[in-house]
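Here is a short briefing for a first look at this protein. Start with the structure, then read the points below.

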Amino acid sequence: MESQPTKKRLKLGIVGIGVGASEILPQMEKIPEFELVAAADINPRVLATLRERYGAKTYDSIEKLCADPRQARGG
């Protein structure tokens, strides 16, 4: 009996949640393997929304996101 291939997750970190990200994220949600794992933005309300909607770890700067060792290999 053949084993099922393991599905890999498409783990994404995003910096700057502007119009482009706001447009593409709902489309990315349709991909079963998609997982938003991290996001950085200067707007705390945007970060709160991302935490609630996606369960992503959020940061108020790209430097903090990049400095987090948990994000170095996809969270």
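Predicted model: local features only at pLDDT ≥ 70, side-chain atom pairs only at ≥ 80, totals over all residues.

**Confidence**
- The protein has a mean pLDDT of 88. Residues that reach 70 or more make up 88% of it.
- Among the elements, β3 has the highest mean pLDDT, 97. The lowest belongs to α1, at 91.

- Helix α2 spans residues 44-54, and its buried residues are Leu47, Leu50 and Tyr54.
- These residues lie on the same side of α2, because they cover an arc of only 65° around the axis.
- An α-helix has 3.6 residues a turn, so residues three or four places apart point the same way.
- Exposed residues sit on the face turned away from the buried side: Pro44, Arg45, Glu52 and Arg53.

**Helix α2: its start**
- Asparagine 43 reaches in at the start of α2. One of its side-chain oxygens comes to within 2.9 Å of the backbone nitrogen of arginine 45.

**Aspartate 68**
- Aspartate 68 is found in the segment after α3 (62-67).
- Its relative accessible area is 9%, so aspartate 68 counts as buried.
- Its side chain makes a polar contact of 2.9 Å with the side chain of arginine 70.
- Leaving out residues up to four places away in sequence, aspartate 68 touches Lys57 and Tyr59.

How values were computed
Residues numbered from 1 in each chain as written. Heavy atoms only, no water. Buried < 20%, exposed > 50% of the residue type's maximum accessible area, 1.4 Å probe, protein only. Helix = DSSP H or I, 4+ residues; strand = E, 2+ residues; numbered from the N terminus. Arc of directions from axis to C-beta. Polar contact = N/O pair within 3.5 Å; in protein donor to acceptor, adjacent residues only side chain to side chain. pLDDT = per-residue confidence, 0-100. Contact = heavy atoms within 4.5 Å.
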